[in-house]
Amino acid sequence: MTAPHGLPRLDPDSLPPAVDVSDSTAALAEVDAAIAQGPYRDDWDSLRAYEVPRWYADAKFGIFLHWGVYSVPAFSSEWYSRTMYLEGTREHAHHLETYGPHSEFGYKDFIPSFTMEDYDPAAWAALFRRAGAQFVVPVAEHHDGFAMYESDRTRWNAAQMGPRRDVLGDLLAASDDASIVRGASSHRAEHWFFMNGGARFDSDVLDPAYQDFYGPAQREETAPNERHLEDWLLRTVEIIDRYRPQVLWFDWWIEQPAFEPYVRRLAAYYYNRAAQWGREVVINYKWEAFAEGSAVYDIERGTMGGIRPVPWQNDTSVSRSSWCWVEGHEYKSVGELIIELADTVSKNGNLLLNIGPKPDGTIAAEEQEMLESIGAWLAGHGESIFGTRPWIVAEEGPTRSQAGSFVDGAEVHHTAADFRFTTRHDVTGDYVYAIALAHPEDGVLRIRSFGTGLRLLPQEIRSVSLLGGGEVLDVQRTEDALEVTVGPGAGSPIGPVVKLHLEPEVVPERTDHLHG
């Protein structure tokens, strides 16, 4: 069955039998039994006892992957499955012009072309390792309702359609082999309403044969009912039990009040299962979906205004225009991505950087090159990133970063007077790092926070050096600044990284008042 544009339509006779999930009583009882075993209860007082793992606080950098059926049309964004059914949008017009009426070629009909025939999970994991990633978070299911994993709760999954392999499981296994911590994200919650535009005109969303794919397609204004909430919970439980991710990332809609008891239930289940595995895990959430201290807060395409006392995360993408593969991406520069990493880490955060593989299972050459370049920078400068903690101040300089979500719409041009700071204490001593966001035109870095006047350094400086093989030509410390004369930039995407090795802190001996 081939449409005029050359893409094969989905053959209804090829579909596996629908999965009956109408009665979840037994599955929910198993969830509650796991919660009853502890150590966590499904209430916020108990969940606030959660502590962020050391491995995650040290990791700093992970890879996010938006891959799915939406990569086949490769138009506009990963929300194509919604916007193609919204009359009046350019995606709707594009679909009519390119693929014909929605009743004849709907979103489901892209599935046969989502083949991933060139998918090499070992090569992907090797690329992520070269990039310096410490954890990986592939999308397990996006808003479109197509599971990228082998599932017993839906026939609409990658193991039974499209690629006909467990693409999530294969990548997580390859990540294990590359010593990269495995994670997964769920965007299932929004499926309650996501395809509802197709219920307003003649489209395949209204066909009862595909209702288990297109979902409830209900109004955005209505709260999800118990069946949808239970299915969200149990699909997430299936991901937890089958793949044991150590990072579980959630998108935005779970902050709806109807989800609140199910979110608590899910968190208690996940934390208790992780305790049984002997693994430390992380839940990432947005907005106010979780109580403060019960999981790790995540900001989309944004940053903090200052240092957050507990670890957090910035999830962003290599592209401004889309999270999935589309034609004609507006890519960020490598320097901009490294600055985002440095800014996030200086404020006690981790950066989760997204790429979007193509439907044939390859990663675009531009995105591979960006990851390789980030890895090359981290190979020489990663000491200022991995395992560090925030210093007394996060930043210095005239260029102010805009705090909040969705603030990466345009590149910010930094100067050589802009710095981000990190610090570390280990068995070899105390260190502070100043990451210059641009190279000085006159060859002199002037770091005001290191001047004697501000008294931010409690210890004397033992030595000053540059990471990445750069050479310090001269050092002068005045009341106003530490002035470090450096050599040429040598093509670095940002400025030099200055490393201070501090003298040991002198602890006065205790005076003996007892013996005389």
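**Stop one: the barrel**

Start with the strands: eight of them close into a barrel, in the order β1-β2-β3-β4-β5-β6-β7-β8, with parallel pairing. Strands here are DSSP E runs of at least two residues, helices are H or I runs of at least four, both numbered from the N terminus, and two strands pair if DSSP finds at least two bridges between them. On average, neighbouring strands of this sheet are turned by 25° against each other, direction ignored. This is a predicted model, where local features need pLDDT of at least 70, side-chain atom pairs count only at pLDDT 80 or more, and totals for chains, interfaces and linings use all residues. Residues are numbered from 1 along each chain as its sequence is written, and side-chain values use heavy atoms, leaving out hydrogens and water.

Now select residues 61-65 (β1) and 135-141 (β2): these parallel strands are joined by four bridges. Look for Ile63, which stands opposite Val136 in β2.

**Stop two: a helix across the strands**

Select 365-381, helix α12, which lies across β1 and β8 (349-355) and runs at about 150° to β8. Axes are lines fitted to C-alpha atoms, for helices over the stretch in contact (heavy atoms within 4.5 Å), and angles run from 0 to 180 degrees between N-to-C directions.

**Stop three: two helices crossing**

Next, pick α6 (121-131) and α7 (167-177), whose axes come within 8 Å and cross at roughly 50°. The pair is therefore oblique (under 35 degrees is roughly parallel, over 145 roughly antiparallel, 65 to 115 roughly perpendicular, the rest oblique). Show side chains: Pro121, Ala122, Trp124, Ala125 and Phe128 in α6 meet Asp170, Leu171, Ala174 and Ser175 in α7.
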